[in-house]
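Please keep the view below at hand while reading.

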Number of protein chains: 2
Amino acid sequence: MKYYDYTAAPNPRRARIFMAEKGIEVETIQVDLGEKAQFEDWFRAVNPRCTVPALQLEDGTVLCDNASIARYLEEVYPQPPLMGSTPVEKALVAEWWVRVESEGMMGVAEALRNRSEFFKDNAITGPQRYSQIPELAERGRARAEAFLKVMDERLQETAFLAGDNFSAADIAGLTLIDFCRWIKLPVPEEYEALHRWYEAVANRPSAKA
Amino acid sequence: MKYYDYTAAPNPRRARIFMAEKGIEVETIQVDLGEKAQFEDWFRAVNPRCTVPALQLEDGTVLCDNASIARYLEEVYPQPPLMGSTPVEKALVAEWWVRVESEGMMGVAEALRNRSEFFKDNAITGPQRYSQIPELAERGRARAEAFLKVMDERLQETAFLAGDNFSAADIAGLTLIDFCRWIKLPVPEEYEALHRWYEAVANRPSAKA
């Protein structure tokens, strides 16, 4: 397998942490998003979606989303399970994964990409060119902020996002909280459950991957 | 189990088709989004996210996203498999599911919800109030349009979105194409592969669910 990565970005970090939790070592190729290398011909030939993470399998298949990468690796390296063990747990991992992504990560990405000069004409990941919408930067920030409250409320009830066990949903959540720093959005001090959970997941050795 | 549904909306249709493919019959409660019933106290108590589909399990757990509902039902009713059989197939179902949702459905939803008077102050699903952003309606339409081309290119290579077999990714794709009608976005005539695939999936009995 070959792993296409960019160390500084939140989405490829999710897959790195996932692999670290399972003890998977893989040949890694950096795609320097800072230099817009994802749009170079050599990488377009690997992943026409022009995004990282991407995982090239032995049979040549390229998986180009955290969802497919995690699903594949969970099947092939089932221990320790990161996507749930029982049907309900598997479902709740899927649910919190989607919520972190669509309500949290998307909000921060909107806030960042619709404002920063660097993302001008590239307000959405991928090969198409989309202009920035300043109002969307505001709205994205508000959405991410609202989602931090949702996470705190959830974590008042359960140890981890999907229930009693650490899972891929927590990996997504950890990268979300750290991604929030990019838009200077701190976790409010009064979100004690969220802080307690963050300490637990950020102190796992995998968080340094 | 109790299924919270709204017949006219695309997202709960995905779960209905999924259940029809597996022959699952379930008690169904309509949540009339046309009357904004998702914000009524009785439904907030079921699903504070104020969205359908939602599936309440025997143990009281409420699954409130297509991702969690499909994952749960696939575990408990494994036949016929709709989320892939091999590790690679499972991964590709997950990947195309996410792409249909984030690049396609999201684009159409943005186009619709940021323009229609009905969605004023409710431009994003859920309990928070967000104003419409007219520029985002334009951009959403453009994204959905670009994704139709991605689907057509994919379907020139494979019979179904995730490969040789019909899957939950095709269910998502079918609802996307029909959702495109809400914003008067037709599939261009020259997308022959996409038309061929649409005929195949839209003519399955489950599509009427």
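The expected span of a helix is 1.5 Å times one less than its number of residues, and helices are DSSP runs of H or I with at least four residues, numbered from the N terminus. By that rule the 24 residues of helix α5 (residues 134-157) of chain B should span 34 Å, and its end C-alpha atoms are 36 Å apart, which agrees. The model is predicted, so local features need pLDDT of at least 70 and side-chain atom pairs pLDDT 80 or more, while totals for chains, interfaces and linings use all residues. Residues are numbered from 1 along each chain as its sequence is written, and chains are lettered from A in the order in which they are written.

Superposed by least squares on C-alpha atoms of residues with pLDDT of at least 70 in both copies, chain B is laid on chain A with an RMSD of 0.0 Å by a turn of 180° and a shift of 0.0 Å along the axis. That is the relation of a two-fold axis.

Contact here means C-beta atoms, placed from the backbone, within 7 Å. The contact takes 28 residues from chain B and 28 residues from chain A; on the chain B side, α4(B) supplies the largest share, eight residues. The classes on that side are tabulated below, with Ala, Val, Leu, Ile, Met, Phe, Trp, Tyr, Cys and Pro as nonpolar, Asp, Glu, Lys and Arg as charged, and the others as polar.

| Class, chain B side | Count |
|---|---|
| nonpolar | 17 residues |
| polar | three residues |

The buried residues of α5(B) (20 or more other C-beta atoms within 10 Å) pack against α5 of chain A together with α4, α6 and α7 of chain B.

Technical notes: Helices (H or I, at least four residues) and strands (E, at least two) are DSSP runs, numbered from the N terminus. Two residues are in contact if their C-beta atoms, placed from the backbone, lie within 7 Å.
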